[in-house]
Amino acid sequence: MEHHSIVVGLPDWLEDVWSEANGQIPSSGERMDFVIELARKNFEHGTGGPFGAAVFDQDGRLVAPGVNQVVPAHCSILHAEIVALALTEDALGRFDIGDSGRLKYELVSSTEPCAMCAGAILWSGISRLVCGARDEDARAIGFDEGPKLPSWVQEFEDREVEVVRDVRRFEAAAVLQRYAGSGGEIYNSGVAAI
Ligand SMILES: [Zn+2]
């Protein structure tokens, strides 16, 4: 019987960016600039779709970045948010990033989470989500975001996850548009879209 395994890692170019970005990024807007740049570089390098994310601690220090790697890794769960969360959990050595609410961590994502990532965020112990483009911006170029509850922001807030939307939305959506305009692959499963 053949055994398989997957490794959640990062493209080589992002390892370099990560090692250079070890200081604090003080504002949410600048942290969003950072993840939008990850989204742009990811498709320009041909290492995945136009989505970036990163987890920061309460002092604005980068804990771990993530980029979408669905197509090159042949793995439908490797969205940017999932990669950033998994690498953060590995870096911290615990599955509950906030350590039972004792510590505050922020996930910054270039686009609002899809249905899968919305679930993953709630299971991760993140206490703040900052989003750039809206999910309708991703849908506008053909990506399926899945069956998210219309009340997802309230659901997050009810679970003490603060949601901040529309940070640099125009710039984040422009990366999606540029990806679509360059003929980038729109990859969805055959069954998710309705
Ligand atoms: Zn997702």
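**Pockets and core**

Trainee: How do the residues lining the second largest pocket divide?
Mentor: Five are nonpolar, five polar and four charged. Charged means Asp, Glu, Lys and Arg; nonpolar means Ala, Val, Leu, Ile, Met, Phe, Trp, Tyr, Cys and Pro; the others, Gly among them, are polar. The model is predicted: local features need pLDDT of at least 70, side-chain atom pairs 80 or more, while totals for chains, interfaces and linings use all residues. Numbering runs from 1 along each chain as its sequence is written, and side-chain values use heavy atoms, without hydrogens or water.

Trainee: Which of its residues lie nearest the centre?
Mentor: Gly-101, Gly-125, Ile-126, Ser-127 and Glu-160, out of 14 in the lining. (A pocket is an open set of 1 Å grid points for a 1.4 Å probe, with protein on both sides within 12 Å along at least five of seven lines; lining atoms lie within 4 Å of a point.)

Trainee: What does Ile-126 touch, beyond four places in sequence?
Mentor: Val-55, Leu-85, Ile-97, Tyr-105, Glu-106, Leu-107, Ile-121 and Val-161. Contact is heavy atoms within 4.5 Å.

Trainee: Switching to the largest pocket: what is its lining made of?
Mentor: Eleven nonpolar residues, nine polar and four charged.

Trainee: Which element gives the most?
Mentor: H5, with three residues. Helix H5 spans 115–122. Helix H4 (80–92) and strand S3 (105–111) also supply at least two residues each. Helices (H or I, at least four residues) and strands (E, at least two) are DSSP runs, numbered from the N terminus.
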